[in-house]
Structure formats: C-alpha cells, structure tokens
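Keep the picture open while you read.

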Amino acid sequence: MGAGPVVMGVLNVTPDSFSDGGRYADRAAAVAHAAELYAQGADLIDVGGESTRPGADRVDAETETARVLPVIRELAAAGVPLSVDTTRAAVAAAALEAGAAVVNDVSGGLADPVMTKLVAGAGCPYVIMHWRGHSRRMAELAEYGDVVSDVRDELRARVDEALAAGIAPDRIVVDPGLGFAKTAEHNWALTRRIDEILAIGYPVMIGASRKNYLGRLLAGPDGTLRPNAGREAATVATSVLAVAAGVWGVRVHEVRGTVDALAVWRASGSPRLAGPV
Ligand code: PMM
C-alpha cells in the first residue's frame, strides 16, 4: 500500500478536452508537459485520449489508442509513473502493455463490460469514478434524490462488480466524479459531505481541477464564468480541503500549487493516507 495524498497530474492528449484541449495533441509537447508535471512533484501522470468535456462526442478506440500509446511509451521509458484515463478495456490493455501502471476509468466499468476483467487480470490499481453516461448526454442524467447517498450507492455497486470480477480490494480507489452528470449544487454537496463517500471504505480520489462549478463560484458580477486559467487557486483550495477531510488523491492540471499546498498540510502535522499507488 502506498501512502497518499497522491497528486495525479492531467495530460489530455486530445484536440478538445475540457480545459486544456488542443494544447498537448502534439506528441513532443505532450511528453514535455508531462515531464514538467512530474518534475513539479506529481506522483503519477494521467494520460487521456478521449475528451470527457460535457457534451463531447466520442472518438473511436483506434483514434484513442493512437493518441495515448506513443506518449505512454515515451514517458514510461523515462520512468514517469502513469495512469491511463479510459473507459475502454482495449485501450487500457494497450496502455498497460506500453507501461502505464494504473487504470483510471471515469465510467467505473459501466462503459465497457470487459474492463473489470481486464483490470483483475492485470492486477493494477483501478480508479472507479461515479458516472451515469457518456459526455454527450450526461447533463440530462443529473437527476438525484439525495445526490450524496445516490452517488455512494452507485459507487458501491460498481465496487461490488469490480470485486466480483476479481479485482483485489486493495487495488480499488473510488471517485465521486465531480461535474459528471452533476450540477454545481451536486458538486458542492459531494465536497461538503465527502465523509459519506469515504465511508464506502476505499481510498477516495477527486478531480475538481478547473471545473465549471468553480468558474461559476468565481463568476463576475455579470454572471460570466471565471475562465479556466483563473480557477487555479480555487482548485488548490478544493484539493487541500478534500485531503484534509481524508481524501487520498487529487487529479489536477497544474501540479505545483497543489504540491506546495500539500507540503504545508503535511508540515502542519497531518497524517499520511493509505492507498494502492
Ligand atoms: N475528470 C475528468 C477526466 N478524468 N478522472 C477522474 N478519476 N476524476 C475526475 O474528476 C476526472 C477524470 C475531466 O476533466 P478534464 O477533461 O478537465 O481533464
């Protein structure tokens, strides 16, 4: 078991990602950016080849694989620890083969019935995120009775499926999926009551980085959302508050601020958190 808090740095190798779309579609730029995030103190780099931006269309498996594989190969050869952000077992298998160590599945096994078997066979850590459907239609799926208990119960069901497929309990991480089929109010309820997600009994990861609900929180007087680049301090604050509440890992686009803030958290006497990476 590794000790947290773990900082996962985001590398979106896509032309249209939510907050850094297009910037790292070129392989050399992607590799250089990931190396920089690692040098800044990321514990692992999360490489994704399909945008999960709200409303985004899917890409086919071949395109997704072609985007992530060369980058994963090169970074793995340089000794950078990697996760692959994919909902497809075929992409995960190729990424693990190329040197990724962790599978980060935003669908928690729902999008591809083969995924949990694949992860069980690989024996790697598996991030199970709460998800209700692909990006194109997730806005219409944001209907809950009580969002926190619904997310908790749906995550539990995904964990049960992962365990039934043979994934070892100490390989599992759960993530409430901020912004995925969730309104701003849903995201705030989940961060406020994160203890109920921790109560599922697995290390918890969250990805608040630059998400729209932070842009909305920081909107100008005319209601214009704060642009992505201005959401960093709010991202760091959200991540550190979550870690202080017991969250094991945070997924962020800008690593340095989070690593610095967590150094302060650690120096102020806070405990290490157990987890699989
Ligand atoms: N968010 C995005 C992509 N992958 N993975 C996990 N585990 N948790 C998240 O919240 C998450 C994720 C979407 O964000 P981006 O497109 O800005 O990277």
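Helices here are DSSP runs of H or I with at least four residues, strands are runs of E with at least two, and both are numbered from the N terminus. The model is a predicted one, in which local features need pLDDT of at least 70 and side-chain atom pairs count only at pLDDT 80 or more, while totals for chains, interfaces and linings use all residues. Residues are numbered from 1 along each chain as its sequence is written, and side-chain values use heavy atoms, with hydrogens and water left out.

We begin with empty space. Rolling a probe the size of a water molecule over the atoms shows where such space is left. On a 1 Å grid over the protein atoms alone, a cavity is a set of points where a 1.4 Å probe fits but cannot get out, whereas a pocket is an open set with protein on both sides within 12 Å along at least five of seven lines; lining residues have an atom within 4 Å of a point. Grid points are joined across faces, edges and corners, and a volume is the space filled by probe spheres set on the points.

The largest pocket has a volume of about 530 Å³. Its lining has 32 residues, and Pro54, Leu178, Gly179, Phe180 and Lys211 lie nearest the centre. Helices α6 (184-192) and α8 (212-217) each supply at least two residues of this lining, with α8 giving the most, three residues. By class, the lining has 12 nonpolar, 12 polar and eight charged residues. Here Ala, Val, Leu, Ile, Met, Phe, Trp, Tyr, Cys and Pro count as nonpolar, Asp, Glu, Lys and Arg as charged, and the others, Gly among them, as polar.

Now turn to the second largest pocket, with a volume of about 190 Å³. Residues including Trp188, Ile206, Leu217 and Leu241 line this pocket. Helix α9 (232-244) and α6 each supply at least two lining residues, and α9 gives the most, with five. Which classes make up this lining? There are nine nonpolar, two polar and no charged residues.

Helix α6 also meets another helix. The axes of α5 (residues 147-164) and α6 come within 9 Å and cross at roughly 75°. The two helices are therefore roughly perpendicular to each other, a word used for angles of 65 to 115 degrees. Val147, Val148 and Val151 of α5 touch His186, Ala189 and Leu190 of α6, where contact means heavy atoms within 4.5 Å.

Finally, look for the largest cavity, with a volume of about 90 Å³. Among the residues that line this cavity are Glu50, Asp57, Trp131 and Arg136. Its lining has three nonpolar, five polar and four charged residues.

Note on methods:
Axes fitted to C-alpha atoms, helices over the stretch in contact; angles between N-to-C directions. Parallel < 35°, antiparallel > 145°, perpendicular 65-115°, else oblique.
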